[in-house]
Amino acid sequence: MRRIVCTFVVNGVTRELLVETNALLSEVLQDDLGLKGVHVGCGTGDCGACTVLVDGLPVLSCSTLAVTVRGKEITTVEGMANGTKLHPLQESFIEHGALQCGYCTPGMLLASKRLLEINPSPSRQDIKDALAGHLCRCTGYNKIVDAVMAAAEGEE
Amino acid sequence: MILPGFEYRKAASVAEAIAFYNDFQGKARYLAGGTDLMPLLKYRLSTPAAVVDLKGIQELGAISADHGWLTIGANVTLFDLKNDPVVKEYFPVLCQSLEATSCETLQMRGTIGGNLLQDTRCIEYNKTMEWRTARGFCLKMGGETCNVVPHSRICLSNYCSDNALSLIALSAEVSLAGPEGDKTTGLEKIFSGCGSRVFALGPGEILTRIRIPMEKSRGVYEKLRVRNSIDYPLAAVAVAMRQNGARVCVGGVGPAPRVYDLTGTDAGSVRDGAQKAYTDARAVPNSTLSPTYRRKMVRALFRRAVNKILSEGK
């Protein structure tokens with residue numbers, strides 16, 4: 001199996017790596033770059049926990065070959081906070097108790113971040129649509145929707 | 001799950017993709033969005049020597065309207081297609097089926113070409129290698145018998161594309177490019193009718209474009225599902241109504257969609273059409289709902305979809 005030299009801009013930092021042709025984006029982010037905030041749940045694209053942003057669009061890192069996103073800008077949950085200051089969405093999730101075990105949270109946060117970028121004042125239904133591909137077995141979703149609503153209102 | 005080993009090639013043109021396919025003596029798979037292929041690779045349901053990435057082919061990423069056709073490149077994502085103003089205005093049935101496909105995250109990744117050429121699904125097939133080895137390989141895996149219907153000679157796994165149904169109802173055509181040359185054919189003609197080899201495509205053929213006649217239509221897509229997102233259809237009906245009549249496409253049950261052209265829209269014709277769809281539907285216990293229920297729902301969804309359009313038109 002061949003290895004290919006790949007450049008990624010991960011959370012604003014340019015990283016150059018040797019990547020195997022069959023390596024998943026989630027494997028590269030977790031194992032090679034140590035970004036443990038990438039949570040792999042089902043591994044088959046059903047749960048949305050492994051979502052990262054590639055050029056601003058949510059992508060399931062467990063179902064994406066790392067070589068296919070060469071040269072692109074990748075944002076993981078680690079890239080949301082600015083130093084020690086949390087992103088307003090992260091603050092809102094804590095405020096509203098929108099996480100319990102926290103396994104789905106990185107995917108929820110990143111998908112919500114993208115939603116608020118294109119639609120700064122979403123309805124509850126817009127949020128539900130954007131987060132439809134993200135499973136949470138703890139919260140029952142209401143608190144997550146509350147948290148995104150509150151973050152959107154806070155930013156206006 | 002760790003992927004098996006394979007080579008990776010990124011094609012910049014359709015011709016280059018076919019050349020890569022030939023380089024690997026046909027043991028290559030084409031990759032677009034990957035939402036269908038990646039789980040198949042992980043489950044070892046497909047073990048290619050190489051994956052040929054089609055996402056870099058710029059010419060397949062555009063939507064254009066001219067000469068009375070809307071032409072959609074196979075690389076257009078479901079999300080972009082859903083938000084296209086022409087699709088919204090002219091083809092409501094396609095808009096609804098795109099909306100009903102999986103969830104927004106996957107719609108942004110999955111392409112229309114990949115959605116049409118997705119593999120069929122079965123409760124006994126989409127399982128891990130260990131599970132399938134213990135159970136014994138079925139017809140679709142190269143085994144001797146079907147694990148759902150013992151002694152069946154044909155695989156009846158379900159074709160689960162939402163958008164194929166609405167595109168067939170809209171009389172869409174597809175362009176194919178392959179080592180043997182290019183051709184254009186009706187979308188409903190690319191199916192073999194057998195679940196173990198779903199498509200009647202030649203080796204190495206690539207679906208490049210889909211085109212729909214630019215004629216305003218009314219349409220409804222009805223889908224039987226257990227959740228309101230992510231899941232595949234357990235039975236589905238798409239109806240497109242134009243000046244010259246209604247075309248209904250039934251899917252989610254069996255390895256190929258079925259087409260019904262309604263001659264009239266009176267209550268009798270609709271009832272007869274729905275009854276015919278019910279009679280034709282060969283549902284077997286290969287999904288999460290019972291085959292009897294899914295078959296009855298084909299009839300119910302058929303009538304519901306047509307009647308919805310008729311009542312909206314009043």
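Reader: Before looking at any residue of this predicted model, what do the words buried, exposed and partly exposed stand for?

Author: In this predicted model, a residue is called buried when its relative accessible area is under 20% and exposed when that area is over 50%. Whatever falls in between takes the remaining name, partly exposed.

Reader: With those limits in hand, is Glu59(B) buried, exposed or partly exposed, and where in chain B does Glu59(B) lie?

Author: Glu59(B) belongs to the loop between strand 3 (50–53) and strand 4 (63–66) of chain B. Its relative accessibility is 45%, and because the limits are under 20% for buried and over 50% for exposed, Glu59(B) counts as partly exposed.

Reader: Which residues does Glu59(B) touch once its neighbours up to four places away in sequence are not counted, and how many residues along the chain lie between Glu59(B) and Ala12(B)?

Author: The C-alpha atoms of Glu59(B) and Ala12(B) are separated by 9.3 Å, although the two residues are 47 residues apart along the chain. With residues up to four places away in sequence not counted, the residues that Glu59(B) touches are Ser13(B), Val14(B) and Arg209(B).

Reader: Arg209(B) is named there; which residues does Ser175(B) touch, not counting residues up to four places away in sequence?

Author: Ser175(B) sits in strand 6 (residues 173–178) of chain B, and with a relative accessibility of 17% it counts as buried. Arg209(B), which Glu59(B) touches, is also among the residues touched by Ser175(B). Residues up to four places away in sequence being left out, the list for Ser175(B) is Lys183(B), Thr184(B), Ile206(B), Leu207(B), Thr208(B) and Arg209(B).

Reader: Turning to chain A, is Ile127(A) buried or exposed, and which residues is Ile127(A) in contact with beyond its neighbours within four places in sequence?

Author: Ile127(A) is part of helix 4 (residues 124–130) of chain A, and it counts as buried because its relative accessibility is 0%. Its C-alpha atom is separated by 7.5 Å from that of Val148(A), a residue 21 residues apart from it along the chain. Leaving aside the neighbours within four places in sequence, the contacts of Ile127(A) are Leu115(A), Pro122(A), Val145(A), Val148(A) and Met149(A).

Reader: How many salt bridges does a search of the whole structure find, and which residues are linked with Glu7(B) in a network of salt bridges?

Author: Side chains of opposite charge can pair when their charged atoms come close. Over all chains, the search finds 20 salt bridges, one of which joins the side chains of Glu7(B) and Arg9(B) at 3.4 Å from N to O. Glu7(B) counts as buried at 18% relative accessibility, whereas Arg9(B), at 22%, is partly exposed. The residues linked with Glu7(B) in the network are Arg2(A) and Arg9(B).

Reader: Which residue forms a salt bridge with Arg135(B), and how many Å apart are the closest N and O atoms?

Author: The partner of Arg135(B) is Glu124(B), and the pair links distant parts of the chain, with Arg135(B) in helix 8 (residues 129–135) of chain B and Glu124(B) in the loop between helix 7 (112–116) and helix 8, 11 residues apart. Arg135(B) is partly exposed at 39% relative accessibility, while Glu124(B) is buried at 14%. Between Arg135(B) and Glu124(B), the closest N and O atoms are 2.8 Å apart.

Terms used: Residues numbered from 1 in each chain as written. Chains lettered and ligands numbered in written order. Predicted model: local features only at pLDDT ≥ 70, side-chain atom pairs only at ≥ 80, totals over all residues. Heavy atoms only, no water. Salt bridge = Lys/Arg side-chain N within 4 Å of Asp/Glu carboxyl O. Buried < 20%, exposed > 50% of the residue type's maximum accessible area, 1.4 Å probe, protein only. Helix = DSSP H or I, 4+ residues; strand = E, 2+ residues; numbered from the N terminus. Contact = heavy atoms within 4.5 Å.
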